[in-house]
Amino acid sequence: MRKNGLLISIDGTAGTGKSSVGLAVAAKLGYGFLSTGEMYRALAYKVFEQKLDPTDHDAVLALAQKLVFTFERQDNGALKMFVDGAFLGEKLHLEEVGAVASKVSTNKEARAVLTDKMRQVGVNGGVVMEGRDVGTVVFPDAELKFYLDASAEERAKRRVKQLEENGQKADYNAILAMIKERDYRDSHRAVAPLKPAKDAVVVDTSALNMAQVIQKVMEKLSQYAA
């Protein structure tokens with residue numbers, strides 16, 4: 001057991017509810033919750049803001065090394081992230097930032113720098129950490145590891161529903177193609193490819209609602225505690 005409790009990793013494909021599940025589990029345990037993708041987006045935002053070339057290896061690495069992350073735990077367990085003292089909020093989710101993030105995340109040395117910063121957040125435990133390679137790269141020694149998955153078709157349906165509920169038009173076939181392309185890219189990249197850790201609990205969420213997924217995770221946690 002770490003100083004503040006367990007370190008729980010939740011990895012998996014996009015659109016499986018990793019963040020929602022992770023936040024709910026953290027709240028139930030009284031832990032903090034961190035989505036590691038936000039840290040990559042923070043680097044991407046800084047690259048975008050400073051008008052750097054995201055493919056300029058050395059410039060991106062130097063920027064990653066300079067970034068200072070601090071966190072404030074919220075009542076719901078979320079670890080509110082400040083980058084160089086500023087809360088970036090929705091700026092991290094600009095389309096332009098997302099495009100930059102996909103490029104800077106392939107920078108092996110910059111990834112290593114951010115990985116080290118992530119480890120500083122979770123090393124003492126008491127954290128649920130969500131991402132793509134938390135259980136395989138960031139914390140291969142995590143006490144409990146989960147990997148959430150679902151069929152590409154089901155994830156496309158969920159995304160269409162989400163967009164339509166927000167009043168936006170959605171093309172199912174285009175979204176399905178995008179999800180399949182992202183899955184392929186994530187699982188075949190040279191650096192930290194997306195895959196379940198050998199000791200991860202794999203949960204197929206295709207036929208499960210959010211409450212059922214959370215229940216499965218909590219059941220495994222109770223078995224561990226026992």
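1. Helices here are DSSP runs of H or I of at least four residues, and strands are E runs of at least two, numbered from the N terminus. Residues count from 1 along each chain as its sequence is written. Heads-up: this is a predicted model, where local features need pLDDT of at least 70, side-chain atom pairs count only at pLDDT 80 or more, and totals for chains, interfaces and linings use all residues.

2. K46 and E49 sit three residues apart in helix α2 (residues 37-49), so about one helical turn separates them. Their side chains form a salt bridge at 3.8 Å, N to O (a side-chain nitrogen of Lys or Arg within 4 Å of a carboxyl oxygen of Asp or Glu). K46 is buried at 12% relative accessibility, while E49 is partly exposed at 40% (buried is under 20% relative accessible area, exposed over 50%, partly exposed in between, with a 1.4 Å probe and protein chains only).

3. The structure has 14 salt bridges. Another one pairs R111 with D133, with the closest N and O atoms 2.9 Å apart. R111 is in helix α5 and D133 in the loop between β5 (127-131) and α6 (134-138), so the pair ties together parts 22 residues apart in sequence. Both R111 and D133 are buried.

4. Now for α8. The buried residues of α8 are I175, L176, I179, D183 and D186. Down the axis of α8 they fall within an arc of 100 degrees, so they line one face of the helix (the arc is taken over directions from the helix axis to the C-beta atoms). The face turned away carries the exposed N173, M178, E181, Y184 and H188.

Terms used. Heavy atoms only, no water.
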